[in-house]
Amino acid sequence: MTTSFTQADIETLLDTMADQIRLKLANKKPLLVGIHSGGVWVAKELATRLGSDFFDGPLGTLNIAYYRDDFTRIGMHPQVTPSDLPFSVDDRNLLLVDDVLQSGRTIRAALNEIFDYGRPASVTLATLIERSGRELPIQPDIIGQSVSLDKNQHIKLTNSDGLQLVIKSSEA
Amino acid sequence: MTNNQLTAKGQLRHFLTIEGLKKPLLTEIMDRAEQFSGISTRHVKKVPLLRGKTIVNLFFENSTRTRTTFELAAKRLSADVMNLNINTSATSKGESLLDTLHNLESMHTDMFVVRHNQSGAAEFIAQHVAPHVSVINAGDGCHAHPTQAMLDMFTIRRHKGHFPNLRVAIIGDILHSRVARSQIQALSILGVGEIRVIGPKTLLPSDCETLGLHVYHDLESGLKDVDVVITLRLQLERMQGALLPSSREYFDCFGLTEEKLSFAKPDAIVMHPGPINRGVEIASAVADGPQSVILEQVTHGIAVRMAVMSMALGAQSELNEI
């Protein structure tokens, strides 16, 4: 199993995801929604690959800070960019994008927030990396790559000089 | 005053007064309010941030705007809210304030929003609550009304951007106004260039100059070139003795009319904490005019109170660690 990614690897993963999305959502006029911040970066890359006609509207962004299930344990995050869904989600097909799917808690929170905006016809989940460690019954529909990592290994998408995937091990 | 409203890490635990707070904290309250203001225009006007928290509105003095906006703010954060009307509660049967409080604490409440006609009431309550309970001051006597001051700062920032270049004039009954006191503190902390107070001598505190305020006794010179005009309600219920000949005469001298407002900058905004007394401190034409942001202030009150409540209850996580 690969445990390091070059930028070319990431480009390939994004190309693969775009192909899968084209197959799955063609003619459905989907709306694109990215989760802050990694999901937004991935969503932008996908939008570039699929072209401006594929999605029916601008990129929506979700910040799930107010929907987290650990507020009473870890308190407020210092800076929260507000969610911005510049369209009505009612009866629409949504493509929800995140960088890494691990526990599934972020996606749970994102789904809750989406349903506070309205009732979409469908939500398709796309993640660049699907890794081990699920705590909720949530699976992605579109995956860049599945990675099996130990509990003490962390994978993170950064965007300082292009997209990069960093894998770190913490002392357990 | 000891700053017991902050945790060891400088987070807001209670919100009792603006006095002693630092600029970054006031800015954080406004930034958070900005983030929360979008929620009120959504399909579902709620986020689950404070789900499962119980907030008690403890109002020992009448209020419509403040109580309802606190209630809406709490509900939009998904907290459970109880409104206690003290006039019909156990305190009128002779129960002491502290006994009422301890009873409410026994019901596992998380926050008290307190309004009281005695200065220092919220501070007193904050000193006596259990460690897991936060207290928000919704106005105490002539002392402080910090959430009103913050919603006013938020309104000014939305219209005028930066504070340092601004000239702000507060007109009227400064002496009895907890709103003015909190506003002046907030404006100073945020570094407003010039703060003016305009009113008859009997309604201005004697120590205005030492606070760095510019004092005027007539609207013509006081309003010249100001960016923000704040009018205050005449608090007849707090006045003891003959401070004013009549409200008619007050309007002739200090009532904000279109003519008087024309001395301010053409793009000056007009604010009022409410309730307004038309024809006493402000003319209807001004209150309903294009420069008035009075109803916007009410709307902003919800987002600002959401910000303060979530910050105070969020800081509790730090206390839980200990």
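I began by noting that two strands pair if DSSP finds at least two bridges between them, and that helices (H or I, at least four residues) and strands (E, at least two) are DSSP runs, numbered from the N terminus. I am reading a predicted model, in which local features need pLDDT of at least 70 and side-chain atom pairs count only at pLDDT 80 or more, while totals for chains, interfaces and linings use all residues. Residues are numbered from 1 along each chain as its sequence is written, and chains are lettered from A and ligands numbered from 1 in the order in which they are written.

**Entry: the sheet.** In chain A I found an open sheet of 5 parallel strands, ordered β2-β1-β3-β4-β5. At its edges lie β2 (60-62) and β5 (142-147) of chain A, each of which pairs on one side only. I then followed β1 (residues 31-35) of chain A, which is joined to β2(A) by 3 bridges and runs parallel to that strand; here A:Val33 stands opposite A:Gly60.

**Entry: helices on the sheet.** I looked up contacts, counted when C-beta atoms, placed from the backbone, lie within 7 Å, and angles, taken from 0 to 180 degrees between N-to-C directions of lines fitted to C-alpha atoms, for helices over the stretch in contact. Helix α4 (residues 105-117) of chain A lies across β1, β2, β3 and β4 of chain A, at about 155° to β3(A).

**Entry: where the chains meet.** The contact takes 13 residues from chain A and 15 from chain B. On the side of chain B that touches chain A, α11 (294-314) and α12 (316-321) of chain B each supply at least two residues, and α11(B) gives the most, with 3 residues.

Methods. Two residues are in contact if their C-beta atoms, placed from the backbone, lie within 7 Å.
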